Structure formats: C-alpha cells, structure tokens
Amino acid sequence: MPAPPPLPEIDVPAFKLTSEENANDTDDSQMKHPTKKPKKEKQRVREIPEFCVSPAKLKRVVRVSDLQELVLWLLADGVAAQWLLVKRKQDIKKVVVVMVPGFDMALLDGTVDLVCDTSSTGKTGDEDIGEVIERSDGDDATFLWEVEEASLGAGTSVEVGEEGEIMETEKTEIFSEWTIVGNRRDPDAKPFSFYPSLLSGRPLPPCLVPLRNMFTHVWPTKMDGDDKYNKMYSPISHFLNCPIDKNSASSKYRAASRIGITELLMTAEELFENEYPMHSSVLHRLRQEQGLGNSIHDPEEEERRKAEGWIETPVTGMEKDDNNEGGSLTEGRKIYSVDCEMCNTEAGPELTRISVVGWDGNVVYDTLVKPSRPIIDYLTNFSGITKSKLEFVTTTLSDVQTHLLQLFQPAHKVVLVGQSLNSDLKAIKLVHPYVVDTSVIFEHSKGKPYKPSLKWLAMKYLKREIQKGQHLNPLTNTMEVGHDSIEDARACVDLVKMKLEKGLSFGNIGARTESIFTRIERGHQSQGARHKRCWGAVVDHGNPMMIYGQVAKKVVSCQNDDDVVNGIQDAINWKQDVNNKQHTDPRVLLMEDGEISFVWARLRELEVLRGWDNANRTQNISEASSSVLDPPPRVLAEKVKETVSRLQNIYNALPSNTAFIVYSGTGDPREMARLNALQRKFREEYKIKKWDELDVKWTDDEQQALHRAVKKAREGGLSLMTVKVDEDGE
C-alpha cells in the first residue's frame, strides 16, 4: 500500500510569554499583568441635613417623648433616635417646635369634614401607588406600599400576591390607615397604623395642601400616659420636662439647690386636675389667654357660690414684691398651714374643727365649729370630735370665714399649705389661688397616680410619728382619740421647709426631671463650640413665665396666634447684648457668648375653636351629659387654613439648617373630659346619697367608654418634621 501524502504545514506565530523588551528576562516576578481600566470619577453630591423615614427601625408608634429625645439628641447630650434617619445631623444648628392642639389625624384622614374638594388636591394618575420600600428580616421579606385608598374602587382593598404584587380584592375590613404592609407569607397581614404617610400622594382638602411645601410625611403620634388608670399625661409638661441622669452633675446640683415658695405653687392645670375650687383670678387668666374676654367676674358663677355659702379671697394677681430679700425661702409671702376635721351630716361632710399654723409653727387660729345640719357620724377615730365637745360650741362656718378673710391679709401675699388641701378648702368653702399641696410636691413610692399620705411623709422625711390613733390634749393634759389637726398642720409646714431647702427634686421617688431648657443649655458641653451656649425660648399665650418658662432664656407672651408667629421670629433671631455689662449674676456673665438654639411655641386658636381647651373642660363639668362638637365644616376649614398659613410663615422665616417640628400633642380629648367630669360628679354624690338616689351612676359601661375615649385621645395625635435648608443647598 502506498504511503499517505504528507500533511500540509501550518504557519503558526511563535507564542511568547514575555514582551520583546523583556525577552531576556526569565524571572517570573518581573512578569507584567494587564493594567485595570481607570475608574470613572463619581460626581460628588453635597449632602444636606434631612429627616428620612427608616422603616427598618420603626417598631412602634412614635410618642411625644420620642420627639423630646430627638430634640435632646440634636442639641444636647441625648441618645440617637432609632426610629428616624437624620442626615448631616452636625449641620443642624437650631430646632423650633410648635404645638398645635386641635390639629390631629382626623383632619387629614377624612374623619372630620373640611369641605374636601378632590379637584383641588393636585392628585395625578401617577400617584396611585407610592414608593416601594423593602425591609428584610432574615428569610422573611416584607414590603411597604403607600397606597391611595381613593385610587381603589368602592368595596375593594389590597393584598400582596405570591410574587409581591399588589392586587385588589373584596374589602372585608375598612382601615383608616394610609399605609399598608404586606407580607409574602401572610398576605392577610393587617396594616401597621404607626407608619408615616406621604403627603404628596394623599388627597388633601385645599386648606391642608400647603403642608406639602414644607413636609414630606405625616407621623401618627401617641401621647404618653397610663393605660391601667386611664390617664393621659400633659403634652406640654411631658415634652418640656425630661428625666435627669442620676449620675449627672445636674442631678446633684438640683438636689441641693434652694428654691423659693413660689416655685411650689400649684399651676392652673394642677388645681384643675386635683379638683381644687378655681379662683376667679385664675379663670380670668385662662380667659385672657384664649381671647374670651377681659372681665374678671362671672356673675352666674358668683351667684351660685354665694347661694352655697362660698367666699373668695380678694386677689386679682400676685403682685411682685420689690422689697423681698434675695434668697429668702418665703419670698416675702405670708405662709399659713391649714388642716381641718370633718364629720358626716345629713348634707354630707361638714367642718367641725379648723387649725391654722404660721411659718414658725405657732398656732394662729384653732376653733371648733358647729355644723349647720344634724350630725350622722362624728368620725371620732379620725377627727377626734365627740358629741360632748360640740355640745356648747356656737361658732359657725360663717364666723370662721369672716375670721380667715381678716387673717389672710394682704391676700395676694398669702400662700396656703396643706395635705390634699382641696378637701379642707371645700369644707371651709374658701377659694384661694396660691396653694402648696404636700401630696403633690412629694411623690408616692409607687409613682403617679398614687399620692403619699401625710403620716408616711412625716415618718420618711421628718422621722416623726403622727396620726397614731390618739394624741395629747395640751389643755387637759389627757390622751384623746383621733388625729390632732395642729400636729398635722405643723408637719405640713416642716415638709415644705425641707423641700425649699433641698430643691425641687427632693421627695421625688420616681424619675427625677428637669426642664428641657436646662438640659439644652447644658448641651454645649457635649457639642463643643458648635452651638456655643444653647439657650431656649418659650412663645405662648398668656404669661408662660408663671408656669413653665422660668428657666427659658427668653419668654414671649402673646395674645393671639399672629403674635406667636412674630414671637418665634423674634426669638430665633435674638442675640445676647454682649455690650451690656450691668449684670451681676455670674451665670449671665458666663453665658454672654451664645444664641437661642431651641424655641417651643403653641398655636391655640384652633384648639379654642374646637373646644379642646381647659376653659371649655371646666365649663362642661356642670354639663356632664353633653360634649362639645366641632364647628360647621367651612368655619373649621377656614381656621385650619389660617393655622397652616401661620405654619408656612414660621417655616419661611426660619434660618437655614433649622429643624422644624410640629406636633398636636393629643387626639380629640373632649369625650374623655366629659366622662372624667361624669366620674367626678358620681364620686361626690356617692359619698352622701344611696345608689337609687344618684343622679349619675358610674358602671362598667362608663368605665369601658372612658378607656376607649382615653385611647382615642392618646392615639389621635400627629407630628410633622423637616429641616429648613437654602434652595441652593448651602
């Protein structure tokens, strides 16, 4: 067989491991690798301070205390907020907080009619479904959709399919929340009502549309309180007072700092909450704050009290004492401690003994009193009163009242001290505005709403045993059954003296608090020289200096909401006069290089229009069966429009890099106030009447209704927050 033909030669180029330049170099370490492509330079965008929603960290509804912690973190030494992402926090220079009672979620979610015109909402077809935010928790991925209820047909709702898509289904339950949370594993998951909602994608009444120019989201906000006892804390005092760190220098300083007697006086809110008879001067101030008139007299109320035998001390206001010695505990006031003993008569509790002790502990007035009605029970074990003691007594309640009016002169300088003095004043039928209650200035070991007894306070702080069931009568030098009213009155005076010597925080068993203005003023220590000295300002109706503005650097008293807007502008731009060297207070001299970094203000006209204010609550006590309703929709819409316009004016006037926070404080408190008044009336009647004779009966139905009303008031609030920056981002 012939041999096969040879294969054709293939011209293959030589394969080289190195370049020709390094052909003679066989060292592997000198081998060159291909160079990487040059990176494209990213365009650097300057970040601006901003509040951003952080759904991954938001686990519960935002509370008013969370807003307080946010302010403390921005300006002082607070803890970082876990529910909100803050960009460029170090650039935020100032914070302005405006409380707008009456501006609640019901106005935004359509519960309250504001003459909504959907053609004016600016809604487009692209706003039907909002941004999708993914939140991953392990193997379970959750998606948040901001869905417009108005974009869905009647009788439909949304569910989440297996692939995460949104599907319309038959509506089995109606939710008022704006945000819907779906879960791949649980398509029927209910919405989280505490998530914030986009304002830009929500149909709004025309009066609320300008909010979009300032804020991106609205946050459902809950007021702090106590569910067990159906209590809701004050949205003002709870925000303006913050806990003190027990290890901080401030706590030790405040515990040892002396104070004056006027710092312990009960505020109008405290008098009302503790069921004290309200003096006309206090009501007059409340009326002035709300623009309800300047008359200090209420003819109807005066006639009612006169018919019932009440008297009122002649006080129009606490005049300033220019001759008071600096550092005096009494501040030039005459302080009397009052204690009474009562017995039960056919008309209820009546006065049988009154003892008045002066600041030095000496007795200035002590007498037995003959009740006007037949006595049913002398209550000897407590009062020490017996039938034989009152047998020849001729002193009447009218005689006691006449003597007290002569003793308490001048009335504007008199401060009355006592334990739960409201019951004593009701027995005397005396109304006085300046009161120090030892059950209020000292706390119970279990905290609020419990109140400490005088016996416990005397033993704990005075190391004195009182109310032992019997006492020594100095006139007869014999032991008698019951309490000694003189002994109790002296214990109250000594407790107040100790409180004044040791400071406001003395006697507070629970969390000690300090003013937020004090906390922020101290905040420069942790913030360095960024804020210099951080001062605070209060802008409010009436005279906030008397209630919560004593520690603020600047206090602006206003007559209406327009004054509040102007006051905020003045306060945020206020600067210390460094050329003024006339100060003698070392604290003033040390704080000359500073600025107002925090402003708290309150707009009240919407609150008054809707009947949410304290004056309406006081008026409705006698009308326990009725509640205040909202005004007509167009009237309410006009006031809401004015309020939003004022918020816009405040926002426009703020300097750059200023945080702007608006909160309502609570939801609608009117039903809660009505039921509380009903419960108080029931308690008063239950003491003197049989069940079948009661005009008002408090059963489990009313208790459950009160629980629902408190829940509605606590959970119906809202908050809005943003950071004002220049348009160019600088």
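Predicted model: local features only at pLDDT ≥ 70, side-chain atom pairs only at ≥ 80, totals over all residues.
**View 1. Asn 230, in the loop between strands S12 and S13.** For Asn 230 the phi angle is near 55 degrees, a positive value, although the residue is not a glycine. With a relative accessible area of 9%, Asn 230 is buried.

**View 2. The cis peptide bond between Gln 409 and Pro 410.** The bond that leads from Gln 409 to Pro 410 is cis, and its omega angle is near -10 degrees. Pro 410 itself belongs to the loop between helix H9, residues 397–407, and strand S20, residues 414–418.

**View 3. Pro 101 and the residues it touches.** Pro 101 lies in the loop that runs between strand S4, residues 94–99, and helix H2, residues 105–108. Its relative accessibility is 5%, so Pro 101 counts as buried. When residues up to four places away in sequence are not counted, Pro 101 touches Arg 602, Leu 603, Leu 606, Glu 607, Trp 612 and Ser 664. One of these residues, Trp 612, is 511 residues from Pro 101 in sequence, yet the C-alpha atoms of Pro 101 and Trp 612 are 7.6 Å apart in space.

**View 4. Strand S16 and the strands that pair with it.** Strand S16 covers residues 334–345, and because 10 of its 12 residues are buried, the strand is largely enclosed by the rest of the structure. S16 and strand S17, residues 348–357, pair in the antiparallel sense over nine bridges, and a hairpin joins S16 to S17 through two residues. Within this pairing, Val 338 has Val 356 in S17 as its bridge partner. S16 is also joined to S20 by four bridges, and here the strands run parallel, with Ile 335 standing opposite Val 415 in S20. A further pairing, of two bridges, joins S16 to strand S19, residues 375–377, in an antiparallel arrangement; in S19, Asp 377 is the bridge partner of Asn 344.

**View 5. The contact between helices H21 and H22.** Helix H21, residues 670–686, and helix H22, residues 700–715, have axes that come within 8 Å and cross at roughly 145 degrees. The crossing in which H21 passes H22 is left-handed. From H21, the contact is made by Glu 671, Met 672, Leu 675, Asn 676, Leu 678 and Gln 679, while from H22 it is made by Glu 702, Gln 703, Ala 705, Leu 706, Ala 709, Val 710 and Ala 713. The residues in this contact of H21 with H22 divide into eight nonpolar, three polar and two charged.

Definitions and conventions: Residues numbered from 1 in each chain as written. Heavy atoms only, no water. Axes fitted to C-alpha atoms, helices over the stretch in contact; angles between N-to-C directions. Left-handed = near helix turned anticlockwise from the far one by under 90°. Contact = heavy atoms within 4.5 Å. Nonpolar A, V, L, I, M, F, W, Y, C, P; charged D, E, K, R; others polar. Buried < 20%, exposed > 50% of the residue type's maximum accessible area, 1.4 Å probe, protein only. Pairing = 2+ DSSP bridges.
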